[in-house]
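Please have the structure open before continuing.

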Amino acid sequence: MSDAASGPTTSDAARLRHPEKRNRPDNPIRRKPDWIRVKAPTSREYHEVRKLMRTLNLNTVCEEAACPNIGECWAKKHATVMIMGDTCTRACAFCNVATGRPLPLDPMEPANVAIAVGGMGLHHVVTTPVDRGDFAGGGAAHVSERLRRTRAAAPAGTIEILTPDFKDRPGAVKTLATEPPDVFNHNLETVPRLYPAIRPGARYFTSLQLLAEMKRRLPSLFTKSGIMVGLGETREEVGQVMDDLRAADVDFLTIGQYLQPTPKHAAIDRFVPPPEFEEYAQLARGKGFLLVASSPLTRSSYHAGEDFARLRAAREAQLAAA
Ligand code: SF4
């Protein structure tokens, strides 16, 4: 369900974008069921957002992940902008963001993000830094600096950030907490049993700790996490992940269908039917999340602005009832 789990590209394209995967055997891409199909993006607003991003030399997760929701989101001028470049130093088995040695940071990127936010008229901005293992602290200081500049450019707006895990980067959480967003999102992505195959460079409890520590430092911060389903997880394992996230005091859970981006990525185990997503949503609500989004096309940033308003309302209702 990561924003980086999505529509197919060819095996040749995969070799170029994901050099570490080039010798892997191809996993045939399965035909999507009817409930996953979306229309090709054609709206005027879609083309305007595309032109804006190209003009400003910005990258979006929406495009990098070939997200199936791009037509709907961009028609509403909602896009998730990548920061700190377009190349990730991790190589997860589900993610379509290009991997390899990143370029130096673009000094114009913060200013261009601010222009894009203004150009799209965004009230709720979602940005996501790629994993930058080449920087001390995993790039946490750069993330904070970019948040500060985005906040300065859009002081009336709210900011959501979807981060990597900053694994083995002492001090990253403290640095991130100096310039807090309104919503801090870090996805667990899948159940712990599947980490060696799906997130081989990550550790389940490192991710949980990141979420718990951010909340501990900033109790009023909204925290959010998500998982993909359809990778071979069991219902019991998903329930355990929910319990772990609640123990970390995470407010908002997103659950979506994993879609295989290229033949070199992890194969889909199954397409989870819509009623099962509703069952997961009910299970999660029963465990105490303030908000749950669960559907085949749910992605971390899908409907993020509307969901932020719901999150705030849910917390206010909870406080009023206390
Ligand atoms: S769901 Fe997120 S990544 Fe996908 S198009 Fe919408 S904003 Fe972009």
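What should helix α10 (residues 235–247) span at 1.5 Å a residue, and how far apart are its end C-alpha atoms? The 13 residues of α10 should span 18 Å, and the end C-alpha atoms are 18 Å apart, which agrees. The expected span of a helix is 1.5 Å times one less than its number of residues. This is a predicted model, in which local features need pLDDT of at least 70 and side-chain atom pairs count only at pLDDT 80 or more, while totals for chains, interfaces and linings use all residues. Residues are numbered from 1 along each chain as its sequence is written.

**Overall fold**

- The protein chain contains 12 helices and seven strands; helices (H or I, at least four residues) and strands (E, at least two) are DSSP runs, numbered from the N terminus.
- The radius of gyration of the protein chain, at 18 Å, is close to the 20 Å that the globule rule gives for 322 residues, so the chain is as compact as a globular protein of that length. The radius of gyration is taken over C-alpha atoms, and the globule rule is 2.2 Å times the number of residues to the power 0.38.
- Along the principal axes, the C-alpha atoms of the protein chain fill a box of roughly 50 × 45 × 40 Å.
- Of the 322 residues, 47% count as buried. A residue is buried if 20 or more other C-beta atoms lie within 10 Å of its own, exposed if 12 or fewer, and partly exposed in between, with C-beta atoms placed from the backbone.
- Among contacts between residues at least 6 apart in sequence, 78% join residues at least 24 apart. Two residues are in contact if their C-beta atoms, placed from the backbone, lie within 7 Å.

**The sheet**

- Seven strands form an open sheet with parallel pairing, in the order β1-β2-β3-β4-β5-β6-β7. Its edge strands are β1 (80–83) and β7 (291–294), each of which pairs on one side only. Two strands pair if DSSP finds at least two bridges between them.
- Direction ignored, neighbouring strands of this sheet are turned by 20 degrees against each other on average. Axes are lines fitted to C-alpha atoms, for helices over the stretch in contact, and angles run from 0 to 180 degrees between N-to-C directions.
- Val-81 stands opposite Thr-127 in β2, and Met-82 stands opposite Thr-128 in β2.
- Five of the six residues of β2 are buried, so that the strand is mostly covered.
- Leu-253 stands opposite Val-292 in β7.
- In a regular strand the side chains alternate between the two faces of the sheet. In β7, Leu-291 and Ala-293 point one way, Val-292 and Ser-294 point the other way, and all are buried.

**Helices against the sheet**

- The buried residues of α10 are Val-238, Val-241, Met-242, Asp-244 and Leu-245. They cover an arc of only 160 degrees around the axis, which puts them on the same side of α10; the arc is that of the directions from the helix axis to the C-beta atoms.
- Glu-236, Asp-243 and Ala-247 are exposed on the other side of α10.
- The buried residues of α10 pack against α9 (204–217), β5 (222–229), β6 (252–257) and α11 (274–286).
- Helix α10 lies across β5 and β6 and runs at about 170 degrees to β5.
- Helix α12 (residues 304–321) also packs on the sheet, touching β2, β3 (158–162), β4 (183–185), β5, β6 and β7. The direction of α12 makes about 150 degrees with that of β7.

**Loops and backbone angles**

- Asp-249, which follows α10, has a positive phi near 65 degrees.
- Ala-66, in the loop between α3 (61–64) and α4 (70–75), has a positive phi near 50 degrees although it is a residue other than glycine. Ala-66 is partly exposed, with 17 other C-beta atoms within 10 Å.
- Lys-77, in the loop between α4 and β1, is not a glycine, yet its phi is positive at about 60 degrees. Lys-77 is partly exposed, with 16 other C-beta atoms within 10 Å.
- Pro-263 lies in the loop between β6 and α11 and is buried, with 21 other C-beta atoms within 10 Å. Pro-263 and Pro-25 are 238 residues apart in sequence and 8.1 Å apart in space, C-alpha to C-alpha.
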